[in-house]
Structure formats: C-alpha cells, structure tokens
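Hi everyone, thanks for coming. Please have a look at the sequence and the model on the screen, and then I'll walk you through some side-chain contacts.

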Amino acid sequence: MADGPARDVLPIPDRAPDGPVAYDAKEPDAAFPPIEPLRPPAGAPNVLVVLLDDTGFGASSAFGGPCRTPTAERLAADGLKYNRFHTTALCSPTRQALLTGRNHHSVGMGGITEIATSAPGYSSVRPNTAAPLAETLKLNGYSTAQFGKCHEVPVWETSPLGPFDRWPSGGGGFEYFYGFIGGETNQYAPALYEGTTAVEPDRTPEEGYHFTEDMTDRAIDWVRQQKALMADKPFFMYYAPGATHAPHHVPKEWSDRYKGEFDDGWDVLRERSLARQKELGVVPPDAELTERPADIPAWDDMPDDLKPVLARQMEVYAGFLEHTDHHVGRLVDALAELEVLDDTLVFYIVGDNGASAEGTPQGTFNETISLNGAAGIETTEFMAERIDQFGTVAANNHYAVGWAHAMDAPYQWTKQVASHWGGTRNGTVVHWPRGFEARGEVRDQFSHVIDIAATVLDAAGLPEPTFVHGVQQMPIHGRSLLPSFADSDAAEHRDTQYFEMFCNRGVYHRGWTAVTRHSIPWKPTAMPAFDDDVWELYAPDDWTQAHDLAAEQPERLAELQRIFLLEAARYGVLPLDDRRFERFDPRIAGRPQLVRGTSQLLFEGMGRLSENSILSLKNRSHAITAQLEVPDGGAEGVIVAQGGAYAGWSIYLLEGRPVYCYNFFGLERYKVTAERVVAPGEHQVRVEFDYDGGGLGKGGAVALHLDGEQVASGRLEHTVPAVFSADETTDIGRDSATPVSDDPGGAIPFTGRVRWVQIDVDEAAADADHMISPEERLRIAMARQ
C-alpha cells in the first residue's frame with residue numbers, strides 16, 4: 001500500500017502528470033506511463049458473503065440442527081465456525097448493519113422499511129456518512145454484485161421511478177444486481193429486478209422455476225464472466241436468498257426427505273438439537289436448554305388432529321433450508337471449478353436473525369391471512385384439507401411458533417426478540433484456505449454482523465475511508481475478526497454491544513448480559529410502559545441465558561442498564577418507539593408518502609407497483625375506471641390487477657365480457673360478470689364499490705359499468721382489511737406473478753390496449769384508525785411485522 005495511491009479518500013483523486021510538456025509525441029519527453037486499471041492492493045481476496053433469511057442457530061446441521069446443510073458443513077470442515085456471532089433480530093436492520101459496518105440505528109434502520117419514521121434511527125434512510133462496503137470496494141478496484149433479497153430501500157423509493165440512490169445497483173455500490181426489493185417474495189413467482197429494471201422469470205413454476213435456483217444460476221454466470229474478462233480483479237459477491245423466509249416454498253421431493261422426522265414435536269426436537277450441539281462443540285458441555293416460555297404452547301398441548309399438519313410444516317421448512325444450502329453449494333463448486341475458491345474469503349451467515357415466530361401458534365397455509373390479523377379463519381379442518389399443498393405454489397405457508405423456537409435451540413425466544421440470544425445469535429462459517437491454516441475449528445469470540453465490513457477491509461489491505469464522494473464518513477463500528485482466524489485464543493475484540501428491536505432490548509458487556517423483553521411477535525397485547533419492563537441479568541458462564549441473577553445482583557444489573565442507555569444514546573436508539581400499528585401510517589410516522597389525495601391516474605405499461613405506490617382501496621368506497629381500445633376481432637385478458645393468488649382484485653375481459661374478480665385470501669373469489677361483449681373500438685369499463693362501513697374488512701355492493709351503463713352488479717361479503725400481499729404488485733394490462741383470478745382471461749396480458757386506469761377513493765371512509773379497536777389494530781400490526 002505504501003507504494004500505491006492513498007485510499008482513505010474515495011474515489012481516489014486523479015492526478016495530472018507533472019513532468020515536462022512536449023510538443024511532438026515522438027520526442028522522448030513525450031512518453032507517459034501506461035494506463036493501469038484500478039486494482040486493490042496485491043493479495044486482496046475475492047469475497048463471498050452468504051446471508052440466509054430467518055434461519056435460527058438451531059436449524060442447520062452445521063450447528064447441531066435437524067436440517068441437513070452439507071455445504072455449510074464442508075466449508076466449516078475446511079474453515080471455522082463462529083458460535084457467538086450475532087445479528088440484530090430483524091432482516092432490514094441486520095442487512096443495513098452488514099453492508100455498512102455500522103450499528104443499525106446509526107444507519108437509520110431501527111426497524112423494517114415499512115415502519116420507518118422521521119426519527120434518525122428509524123428513518124430507513126442510510127446517511128451518506130456511511131458508505132456501503134460494496135461502494136468502498138468498488139472504488140478500490142473490486143468487481144461487485146448482489147443476488148437475492150434487498151430490504152433496505154425506503155418504501156417511498158421502491159417505485160419504478162426510484163430514486164435509486166439506495167438500491168443495490170444505484171447507490172449501494174453493486175455494479176450488478178439480480179433479485180427482489182422487499183421483505184419476502186414468492187419463490188415460484190418472484191417480483192424480480194435486474195439492476196433497476198423489472199424482469200420476469202424465464203419459466204413458470206410448472207416448468208420447474210424456483211428463485212433460489214435462478215439467482216444461483218445468475219451468480220454463477222456472473223462470476224464466470226468476471227473471471228474470464230478480469231481475472232486479475234477480485235470480486236465482492238453478496239448472495240442473499242429469500243430463503244428461508246416465509247413463504248416456505250420448496251419442491252416436494254426436498255420436503256419429502258424429512259417425512260416422519262418431526263412427528264414427536266418441537267419440545268423433543270430442542271432436546272435432540274442440544275445434544276448434537278454439544279457433540280459438535282458449538283456449545284459448551286454444561287450448556288443448559290432454556291425453558292420454553294409460557295407463551296409458546298407445548299407440543300403435547302396441541303390438538304392431536306393438527307399435529308400431522310404441524311409436522312408437515314416443519315418437513316417443508318427443513319427441505320427448504322436443505323434446498324437453499326444445496327444451491328449455495330453449486331455456487332461454491334463453481335468457484336472451485338474456476339480455481340478461485342481458495343483465494344475467496346467466504347462468510348456463510350446462517351440467518352439474518354433468529355427463526356421467525358410470525359407464523360402464529362398453529363402455523364398458516366396462507367400467511368396473508370395472518371398478515372391481516374385474521375388467523376382464526378384457518379381452522380384445523382382448513383389446514384388438514386391442504387396438508388399436501390404446503391410448500392407448493394398453491395400455498396403461502398409459514399410454520400408454527402413452536403418450530404421457530406426449536407430452530408433457535410438452545411436459546412430463549414425468536415426473531416424480533418433482540419433481548420435474548422434466540423433472536424440474535426446466528427451460527428457463521430468462515431472459509432479462506434489461503435488466508436489461515438486452521439481447519440474444522442470453533443471460534444467463540446463475541447462477534448457481530450457489523451464486524452464483517454471491518455474484516456473484509458482488513459483482509460484486503462484497505463483502510464477505512466475517511467471521505468467518500470466528498471462526504472466525511474462516520475467511523476465503522478465493527479472490528480476485524482482477522483486475529484481470531486489464526487488464533488483461537490485471540491483476545492475479544494469487543495467489550496460492549498447493545499441490542500434493540502421493537503423495544504426488546506439488551507446489552508452485552510464483558511460477558512454479562514442485561515436484557516428485557518417488551519413485546520412478543522405473535523401476541524397482540526397492549527405494550528407496557530418502558531419503566532415497567534422487567535430486566536434480567538445473566539452471567540458470563542451462563543451460555544444460554546438460563547439463570548436470571550437480577551434479584552441476586554441488583555447493583556450489577558443497574559450498572560448494565562446504565563451502559564445500555566449510554567449505548568442507546570450514542571448510536572441513535574432513542575427515543576424508544578413501540579407504536580407497532582401507528583408506524584404503518586406514513587402520516588403518523590412522518591415518512592414521505594408517494595401517493596396522496598383521492599385520485600390516481602395510471603397509464604399503459606405501468607407495473608410492478610407496490611402497495612406503497614397505489615392509493616389504498618381497503619375499507620372505503622372506491623371506483624376503478626379503465627379506458628380501453630379493443631381491436632377488430634375483440635380482446636381478452638387483464639386490464640388491471642392488484643395482488644395475486646393469495647389476495648387481491650382484478651378487472652379483465654373473459655370471452656370479450658368484462659369481469660371484476662375480488663380474491664378474498666384465496667378462500668373465495670367474488671366475481672361480477674357482464675353479459676355484454678365489448679365490441680371493437682374505444683370503451684370505458686368502470687367498477688364502483690360501495691363499502692358497508694362499520695369496521696375493517698367489511699363487505700359492500702359492486703356495480704360494473706360499460707361506457708357509462710351499468711351492465712352487472714354483485715356483492716362482496718368480506719374484504720381484505722390491511723394488505724393484499726407483501727410482494728405482489730399492481731400492473732396495468734397484465735397480472736404479473738401469480739394471478740388474482742382462476743379464470744383463463746384473468747391470467748393473460750390484455751390483447752387490446754389499456755390507455756389509462758383511474759383510481760378514485762372516498763376519503764371520508766378512509767380513516768381506519770377510528771374503525772377498529774386498539775386490540776385489533778395491534779394484532780394486525782404485529783402479524784405484519
């Protein structure tokens with residue numbers, strides 16, 4: 001580095017030649033040194049960061065879990081396992097922390113993007129004082145690419161017009177991106193982007209499409225091309241599949257591998273996992289299995305006729321994780337075939353938080369139902385009738401809370417609960433054969449996802465930048481793990497680390513932890529006052545946080561509580577915010593609202609519009625008007641659609657006749673169909689919905705008009721109260737991903753021309769906050785998170 005350019009200011013400033021000026025290029029003094037492409041310092045490795053989604057410490061077989069992950073195991077056998085590696089307890093915050101090397105509140109990601117507020121720690125806006133690691137590496141001569149999930153884009157910036165400053169291939173530092181924007185996607189029919197351009201899968205689910213396979217194919221193609229064209233240039237690849245986040249989608253042959261393995265339930269599974277973890281040495285021999293919280297039902301207390309469904313939920317999840325690990329293995333094999341694996345620093349982070357307990361105590365066949373706070377619809381009979389469809393394209397499934405707890409064994413609690421290790425401790429594998437000699441060893445230094453960026457820069461011989469694009473940078477909060485690569489006895493690189501998510505909070509300090517759980521992901525109860533939260537204290541030798549010493553050592557607890565407050569003030573955690581429902585409303589939260597008013601005009605070709613990009617039609621009277629051009633011979637297909645197979649609505653022509661279809665959670669499809677065929681020429685189709693009022697999710701009358709004349713009418717007995725889909729969108733002239741309707745005409749693009757679509761809503765009936773009790777509001781909000 002000493003002989004190269006200074007790299008603490010990025011981009012590296014261009015320097016004009018300071019030699020003599022020659023008149024004739026043939027003169028000796030006219031010679032200039034050859035142009036040298038920018039490269040990082042000699043010896044800088046390739047870097048591959050694999051980040052799985054919603055996978056707890058006790059899931060992967062590499063860390064004693066029941067889900068077979070041979071790729072993680074073989075990388076660990078030739079590398080290292082970190083068994084005290086931590087995340088933030090939620091996806092967007094962990095990813096923002098990973099990609100910047102800073103604590104999540106300091107980079108605006110105190111929660112998921114959908115609940116951002118105007119408070120700096122919760123705005124979802126990465127400040128320009130925290131340049132992403134990918135940008136730093138790119139400006140130092142790395143090739144950069146991201147594949148998979150991105151849940152760090154502010155919701156008001158996710159439309160086709162951006163801005164793209166915080167998209168991966170916009171301002172995120174990645175030269176190439178292939179994946180989806182948001183918290184989750186349908187693995188069989190994802191909402192894909194290549195760069196910032198919406199694209200569609202190259203085949204259907206019936207033809208064998210699955211997103212994890214697709215993104216892996218793209219990753220392999222990219223790295224092969226990169227090494228073919230720029231062999232001397234290292235790469236930084238961030239591989240972040242949507243797996244194993246719900247919906248748990250996996251081909252049946254993978255889930256069937258686990259038939260019968262979970263029939264004895266989650267309590268016995270936790271015991272078996274701890275025994276395997278001790279055999280593997282990823283927990284100490286004296287580690288204790290923490291008690292199952294009273295809020296999580298015992299397996300023996302579950303209805304006997306539901307247990308086969310529950311067991312199938314876990315079989316599907318296990319197959320999903322093994323399937324994901326298989327495709328990680330394909331990427332690793334491609335690196336080996338290119339003879340670059342030994343020169344690649346691989347981080348395989350098994351989960352961005354603990355396992356997800358967002359699937360309700362009984363699990364769900366269609367998580368959109370629980371996202372709307374209506375889990376009671378899914379009775380035991382309902383689930384049992386669909387047992388063979390779990391994991392298929394027909395399902396939008398998630399497993400029960402008890403399985404999530406088991407996937408976090410041996411620790412307490414789950415995703416969202418940042419106070420306890422079940423929410424934040426994730427097994428991590430590091431592989432770099434030419435970077436260290438240790439093989440098959442375990443490292444127990446306390447580490448955190450913010451350490452990845454510092455470690456990569458250290459391994460590449462690069463300084464932490466002080467200025468990027470003219471902006472002075474905040475220091476990276478993480479510390480390099482490099483010393484522990486070579487030395488199992490390397491000193492701890494961190495004394496203190498805070499945790500906070502949904503006001504579940506805690507602090508680690510020199511082995512001790514003080515924690516308090518403020519809320520439970522699946523339980524809609526009123527939030528206590530912060531000062532009424534009960535704090536717990538755990539000693540350094542209590543690996544699993546099994547013995548609360550708060551009553552025995554109140555002075556030490558008080559000391560750690562003060563440390564938490566200091567850390568919270570330093571990193572932007574304050575003010576604490578437990579408004580789970582209110583923060584979904586941008587007016588209350590103080591974040592920008594992309595669409596305002598009571599009318600919105602959309603045009604031909606517009607699509608991939610998330611629910612944040614469209615006026616909400618829920619819980620209010622509204623009208624949808626479409627101006628069409630029908631060619632000679634007539635027209636068929638979708639005029640406009642929102643949502644998909646699990647909930648939504650669409651207007652289309654079927655055999656030339658206008659149809660309005662309202663999909664109520666896939667349970668009922670209400671259809672209003674005109675008898676009149678739409679003749680060639682220009683026409684207007686209009687749907688008017690007169691909402692009954694009196695609460696959320698009520699019904700109403702539907703009138704279907706053609707050229708100003710009512711041609712059909714009907715009634716919706718129920719409507720979707722909160723969200724149609726977490727990933728499916730609004731499209732003009734087609735219905736992307738899964739179709740709302742089960743009619744043929746409801747699945748094909750419109751064969752005429754949709755000139756425009758106008759949405760008009762009744763604002764007087766739009767204030768849902770006055771239409772539902774606080775308890776109901778809280779239930780919906782907690783389900784959506």
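I'll go through aromatic rings, cysteines, a hairpin and salt bridges, in that order.

A word on the ground rules: this is a predicted model, so local features need pLDDT of at least 70 and side-chain atom pairs count only at pLDDT 80 or more, while totals for chains, interfaces and linings use all residues. Residues are numbered from 1 along each chain as its sequence is written, and side-chain values use heavy atoms, with hydrogens and water left out.

Let's start with the rings. How many aromatic pairs does a search of the whole structure find? The search gives 29. Here, rings of Phe, Tyr and Trp (its six-membered ring) pair if their centres lie within 6.5 Å; planes under 30 degrees apart are stacked, over 60 edge-to-face, and the rest tilted. One of these pairs is F164 with W167, edge-to-face, at 5.0 Å centre to centre and 80° between the planes. F164 is partly exposed at 24% relative accessibility, whereas W167 is buried at 0%. By that I mean buried is under 20% relative accessible area, exposed is over 50%, and partly exposed is in between (1.4 Å probe, protein chains only).

Now look at F262 and W403. Their ring centres are 6.0 Å apart with the planes at 70°, so this pair is edge-to-face too. Where do F262 and W403 lie? F262 is in the loop between helix 5 (252-255) and helix 6 (265-280), and W403 is in helix 10 (residues 401-407), so the pair ties together parts that are 141 residues apart in sequence. For the numbering, helices (H or I, at least four residues) and strands (E, at least two) are DSSP runs, counted from the N terminus.

Some rings have an arginine over the face. R386 lies over F365, at 5.9 Å from the ring centre, and R608 lies over Y193, at 5.3 Å from the ring centre. The test for a charge over a ring is NZ of Lys or CZ of Arg within 6 Å of the ring centre and within 35 degrees of the ring normal.

On to the cysteines. How many disulfides does the structure hold? The count is 0, where a disulfide is a pair of cysteine sulfur atoms within 2.5 Å. Take C67: the closest cysteine sulfur, in C91, is 20 Å away, too far for a bond. C503 is in no disulfide either, and its nearest cysteine sulfur, again that of C91, is 17 Å away. C67 is buried at 0% relative accessibility, and C503 is buried with a relative accessible area of 0%.

Next, please turn to the hairpin. Strand 27 (residues 700-706) and strand 28 (residues 709-716) pair in the antiparallel sense over 7 bridges; two strands pair if DSSP finds at least two bridges between them. L704 stands opposite A712 in strand 28. The hairpin has 2 residues between its strands, and D707 in the turn has a positive phi of about 55°.

Last, the charges. A search of the whole structure finds 53 salt bridges, each being a side-chain nitrogen of Lys or Arg within 4 Å of a carboxyl oxygen of Asp or Glu. In one of them, D295 meets K523 at 2.5 Å, N to O. This pair links distant parts of the chain: D295 is in the loop between helix 6 and helix 7 (307-337), and K523 is in the loop between strand 18 (512-516) and strand 19 (535-538), 228 residues apart. D295 is partly exposed at 25%, and K523 is partly exposed at 32%.

Strand 28 comes back here, too. R715 in strand 28 links with D692 in the loop between strand 26 and strand 27, 23 residues apart, and their side chains meet at 2.4 Å, N to O. Both are partly exposed, R715 at 38% and D692 at 43%.

Finally, E682 and R755 meet in a salt bridge at 3.0 Å, N to O. E682 lies in strand 26 (residues 681-691) and R755 in strand 30 (residues 753-761), so the pair ties together parts that are 73 residues apart in sequence. E682 is partly exposed at 42%, as is R755 at 32%. Which residues do salt bridges that share partners join into one network? They are E604, E629, E682, R753 and R755.
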